Amino acid sequence: MQLIRTVSFPEPQLLADLSPLPEGLTGVLWDMQGAPDEAHGSIDGVILPYLNAGAVLANLDKVADLKFVQTQSTGFDGVREAAGAGAAVANASGVHAAATAELAVGLILAKLRGIDQAVKDQQTENWAPQRRQSLADRRVLLLGIGGIGQELARRLEPFEVTVTRVGSTARTDDHGQVHTSADLETLAREHDILVSVLPLNDHTHHLVGTEVLSALPDGALVVNVGRGAVVDTEALTREVVSGRLQCAIDVVDPEPLPGGHPLWSAENALITPHVGGNASAFEPRILKLLKRQLEALAAGQTPANLVQQGPFEQVPSRQGQSA
């Protein structure tokens with residue numbers, strides 16, 4: 001049974017790129033700034049904007065018969081709550097994995113090898129060679145072993161590092177042992193680099209706090225390309241400003257950091273403006289995912305990547321579909 005018939009798109013180009021839609025689906029434009037146009041009729045599926053979706057989530061309650069929400073991001077902070085328990089929610093798991101893993105490697109290399117300082121020195125014509133840390137032989141503590149974590153581990157392998165993985169449950173898989181967050185403080189003592197690719201939820205909020213950060217060795221590097229609030233910003237700031245730890249972060253809490261925040265000017269900090277997934281790999285991959293999601297909806301089948309089942313709980317899955 002086809003549950004979704006009218007899907008809103010946040011901007012014209014996305015609708016154009018995915019047109020013609022599968023038979024049985026109607027696409028309408030709604031930028032989610034205010035209520036949808038009544039001329040659209042009854043919207044039952046919504047594709048969120050990629051950038052700044054959190055700012056317009058509250059307007060989901062203006063859709064009277066909402067059944068399905070699709071994010072264009074891997075994270076879905078606040079989406080389930082805004083959509084309500086009666087609506088299904090799907091994320092874009094897999095779409096951002098390659099680009100985010102690339103940035104994580106880039107941040108690690110830039111900070112360890114002093115590339116960020118070299119950029120500053122170039123501006124003042126300052127030639128200041130010094131011996132820096134290599135990525136080779138480092139011990140990396142990787143928090144998160146989903147799509148992004150898997151891609152990051154794969155990219156780190158050629159750099160001759162030791163990777164210790166932390167997931168939601170302790171287990172052994174094809175790549176070896178997976179620890180849980182209960183071991184985090186103990187593991188931190190033995191690692192030079194901590195990388196978080198974790199999503200934000202009740203369990204991961206401030207998971208990397210004072211205890212874990214204090215356990216890291218002097219000079220250790222903290223990298224966050226997941227969600228800002230997984231790391232306690234206040235605790236991280238104390239360690240970085242003191243000079244004991246380094247950080248290379250693409251996400252922060254709050255985001256962006258307020259003007260005058262000590263991390264902006266900290267010598268040991270490298271900050272990028274939440275661009276992990278926003279690279280050339282994004283567009284073809286999100287279009288591929290959305291096309292398959294729309295085909296599933298038109299066929300009355302369960303779309304991929306559901307993080308909330310909603311009305312699809314009893315609907316058969318689409319064979320062979322993945323993000």
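**Aromatic pairs and a loop glycine**

Phe282 counts as buried, because its relative accessibility is 11% and the limit for buried is under 20%. The model is predicted. It contains 2 aromatic pairs, and Phe282 belongs to the pair described next.

Tyr50 and Phe282
- The ring centres of Tyr50 and Phe282 lie 4.3 Å apart with the planes at 20 degrees, so this pair is stacked.
- Tyr50 sits in the loop between strand E3 (45–47) and strand E4 (68–70), while Phe282 is in helix H10 (residues 282–298).
- The pair links distant parts of the chain, 232 residues apart.
- Tyr50 is partly exposed, with a relative accessible area of 22%.

Phe68 and Phe312
- The rings of Phe68 and Phe312 have centres 6.1 Å apart and planes at 80 degrees, so the pair is edge-to-face.
- Phe68 lies in strand E4 and Phe312 in the segment after strand E14 (306–308), so the pair ties together parts 244 residues apart in sequence.
- Phe68 and Phe312 are both buried.

Gly24
- Gly24 is in the loop between helix H1 (12–18) and strand E2 (26–29).
- Its relative accessible area is 37%, so Gly24 is partly exposed.
- Leaving aside residues up to four places away in sequence, Gly24 touches Gln2 and Arg5.
- Gly24 and Val315 are 291 residues apart along the chain, and their C-alpha atoms are separated by 17 Å.

Notes. Residues are numbered from 1 along each chain as its sequence is written. This is a predicted model: local features need pLDDT of at least 70, side-chain atom pairs count only at pLDDT 80 or more; totals for chains, interfaces and linings use all residues. Side-chain values use heavy atoms; hydrogens and water are left out. Helices (H or I, at least four residues) and strands (E, at least two) are DSSP runs, numbered from the N terminus. Buried means under 20% relative accessible area, exposed over 50%, partly exposed in between (1.4 Å probe, protein chains only). Contact means heavy atoms within 4.5 Å. Rings of Phe, Tyr and Trp (its six-membered ring) pair if their centres lie within 6.5 Å; planes under 30 degrees apart count as stacked, over 60 as edge-to-face and the rest as tilted.
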